[in-house]
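Student: Hi! Could we go through this structure together, one spot at a time?
Tutor: Happy to, bring it up and ask away.
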Amino acid sequence: MSSLALSSLKLPTVLLLSPPPPAKLIHLSSFSSFLLNTRVPQATSREFFSVVKVSSRPISTMATDKEIVGSVKEQLAKLFEESLRAAFPDIEDVQPMIAICNDSRHGDYQCNNAMSLWNKIKGQGTQFRGPQPVGKAIIDNLPASEMIERCSTAGPGFINVVLKKQWIAKSIEKMLIDGIETWAPKLPVKRTVVDFSSPNIAKEMHVGHLRSTIIGDTLARMLEFSNVEVLRRNHVGDWGTQFGMLIEYLFDKIPNWEAASAQAIGDLQAFYKASKQRFDNDPDFKERAQKAVVSLQGGEEKYRKAWTQICEISREEFQRVYERLGVHLEEKGESFYNPYIPKALDLLNNKGLIQESEGARVIFIEGKKIPLIVVKRDGGFNYASTDLTALWYRLNEEKADWMIYVTDVGQREHFEMVFAAAKLAGWLPLNENDFPKASHVGFGLVLGDDGKRFRTRSTEVVKLVDLLDEAKSRCKLALEERGKATEWTAEELEQTAEAVGYGAVKYADLKNNRLTNYTFNFDQMLSDKGNTAVYLLYAHARICSIIRKSGRDIEELKKVGGIVLAHPDERALGLHLLQFAEIVEEACINLLPNLLCEYLYKLSEDFTKFYTNCQVVGSTEETSRLLLCEATAVVMRKCFHLLGITPVYKI
């Protein structure tokens, strides 16, 4: 990929140092005043249902039991559930509807049950005369709680809830002592398969795999943080008719192929293209390739060995990309499921689902114009037979509650049909909300500045390794232009360029709703202003700098100090910190990593307002505000970890 102009690139100076466990440590050696002076637009407000069981003990005694406490919404839901049962004992199955207030002037949270309850009871001789009195009855029956400062009704019975700032403060204090893991959400699932990345053997990973790999890794990280066992599956394309031509071409090109190295085969992408050209233009070669497929599928040793060699070379190439991205996967490719396909198809056939159609064996899906082909006319298996078998295996052998497939939106209909067939077979429940379940996580295209699919100037698909190298080299050049090559070791320069470059690429992708296309632009993603990874890394580094400059021992402050949220900006920051768990929960349930990016960006905004209006070092509130700084840094670091980004610590 050709390098683009660097003249307009502004990049922070960062330095990797030995890390405080367990995070890697990078530091920034210069920092502009933009963090305090730049006006950043508000993140899009959203209303969502999302939960904290909190002790009222002093901070110094809160470290003994590190239970998972969940999020604010869950605790409020428990209180309102009691109230609803007490106020309306004759109405069954009323679930509390708790949401964050869109307008903070009205409150922190809302309970939105009054209107729906009024619609159920009006005209039935009820004593109530509208949703407002219903809302008041709900408030009157709330049990005593250290959480709630006050409640009020508004409009058609909306119940606005204001939390006690002392309770918010104690909740944050407890997290600082017990750890951010106590804020992990509690999801109704124990084991999940996340199927992502999934490149094809003998083909280069390209920019299209970037989205699948990054989105899949972030979903896996969020689920793992939520105490879900995640099986990270790389469903590589390592089986099929193309291997006949690859193996025969290997035999022709390198007669002593068994002793040949990866260097002898050379660029696998070029190797694949050459074999495909030969397959298309040479009838004799095509016939040999087709016979080679039969030999491979029949288990002949020579062909198995050649297949294994080609796969291993590809795996080594893939691993270099995964190491760059810090992504861990367990490969179970198409070939893994091949022995199980006959059994899975027998199960479907015994249910009467498989029918003959124009020489093929198919499953008809209601609402679909074409059937799902599970056995081709020539008797071979295809993607549908493999994916149905993989689904069966994940349900029955791996005992997964939730199967998540991360691919481009173009495969949406294929997975809809596979899931529909599994429901017809009784493998999956008919109700979409019941477990076990399967979900397709589709994503849009990566576009160039011309609005078309992102390609090189020679119209080739951009190789993922080239894209990452380009991001790193741009960062490195910018650092060298600032004189850091003479101040740092070569290793520090390399690590710094890598951390910032890769983090910028990841965040630029993840901050977008995955269903939409987005334009890939190096200058925008490496900017230190606006909603970028660089800006957020700056913000985190600034917080760490404030704590260091205070000269105080933050671990000692956690034991003896406390947080007081007297200033409105202190309270706003504290409340946003508490909402971390429900954001992660919402991002997991809806499979939308961009929600976590929005939260992180808003957190940096809230911290900027707090720091601008609340002096930290040297103030009478120094201890409290340093603890608030530390809590912000802890939550930001966890956000970075969930997004797969290495944080920066020092300016």
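Student: Leaving out residues up to four places away in sequence, which residues does Thr623 touch?
Tutor: Thr623 touches Arg552, Leu557, Gly561 and Gly562. Keep in mind as we talk that this is a predicted model.

Student: How far apart are Thr623 and Ile554 in sequence and in space?
Tutor: In sequence they are 69 residues apart, and from C-alpha to C-alpha the distance is 9.0 Å. Thr623 has a relative accessible area of 24%, so it counts as partly exposed.

Student: New topic: what does Ser212 contact, leaving aside its neighbours within four places in sequence?
Tutor: Ser212 is in contact with Phe196, Ser197, Val406 and Phe443. Ser212 belongs to helix H6, and its C-alpha is 9.0 Å from that of Val441, a residue 229 places away along the chain.

Student: Is Ser212 buried or exposed?
Tutor: Buried, because its relative accessible area is 3% and the cut-off for buried is under 20%.

Student: You listed Ser197 there. What is its phi?
Tutor: Ser197 has a positive phi of about 75°, although it is not a glycine. For context, most residues other than glycine have a negative phi. Ser197 lies in the loop between strand E7 (191-195) and helix H6 (207-225), and at a relative accessible area of 4% it is buried.

Student: And what about the phi of Lys399?
Tutor: Lys399 also is a residue other than glycine with a positive phi, near 55°. Its loop runs between helix H14 (383-396) and strand E13 (402-408).

Student: Is Lys399 buried or exposed?
Tutor: Exposed, since its relative accessibility is 54%. Ala400 is also in the loop between H14 and E13, but Ala400 counts as buried because its relative accessibility is 4%.

Student: So what does Ala400 touch, not counting residues up to four places away in sequence?
Tutor: Ala400 touches Arg191, Val193, Arg394, Leu395 and Pro436.

Student: On to aromatics. How many aromatic pairs does a search of the whole structure find?
Tutor: The search finds 20 of them. Take the rings of Phe580 and Tyr599: their centres are 5.9 Å apart and their planes are at 50°, so the pair is tilted. The pair links distant parts of the chain, with Phe580 in helix H23 (residues 580-590) and Tyr599 in helix H24 (residues 594-613), 19 residues apart.

Student: Why does the angle make that pair tilted?
Tutor: Because planes under 30 degrees apart count as stacked and over 60 as edge-to-face, with the rest tilted, and this pair is at 50°.

Student: Are those two residues, Phe580 and Tyr599, buried or exposed?
Tutor: Phe580 is buried, at 0% relative accessibility, and Tyr599 is buried too, at 2%.

Student: Which residues form an aromatic cluster?
Tutor: Phe336, Tyr337, Tyr340 and Tyr393 form one.

Student: And which ring does the charged end of Lys302 sit over?
Tutor: The ring of Phe251, 4.4 Å from its centre. Arg304 has its charged end over the ring of Trp307, 5.7 Å from the centre.

Student: Last topic, helix packing. At what angle do H9 and H10 pack?
Tutor: Helix H9 (residues 268-281) and helix H10 (residues 283-297) pack at about 110°, and their axes are 6 Å apart. That angle makes H9 roughly perpendicular to H10.

Student: Which residues meet there?
Tutor: From H9, Ser275, Arg278, Phe279 and Asn281 meet Pro283, Phe285, Lys286, Arg288 and Ala289 of H10.

Student: And how many helices and strands does the chain have?
Tutor: It has 25 helices and 16 strands, and 54% of its 651 residues count as buried.

Key
Residues are numbered from 1 along each chain as its sequence is written. This is a predicted model: local features need pLDDT of at least 70, side-chain atom pairs count only at pLDDT 80 or more; totals for chains, interfaces and linings use all residues. Side-chain values use heavy atoms; hydrogens and water are left out. Rings of Phe, Tyr and Trp (its six-membered ring) pair if their centres lie within 6.5 Å; planes under 30 degrees apart count as stacked, over 60 as edge-to-face and the rest as tilted. Helices (H or I, at least four residues) and strands (E, at least two) are DSSP runs, numbered from the N terminus. Buried means under 20% relative accessible area, exposed over 50%, partly exposed in between (1.4 Å probe, protein chains only). A charge sits over a ring if NZ of Lys or CZ of Arg is within 6 Å of the ring centre and within 35 degrees of the ring normal. Axes are lines fitted to C-alpha atoms, for helices over the stretch in contact, and angles run from 0 to 180 degrees between N-to-C directions. Angles under 35 degrees count as roughly parallel, over 145 as roughly antiparallel, 65 to 115 as roughly perpendicular and the rest as oblique. Contact means heavy atoms within 4.5 Å.
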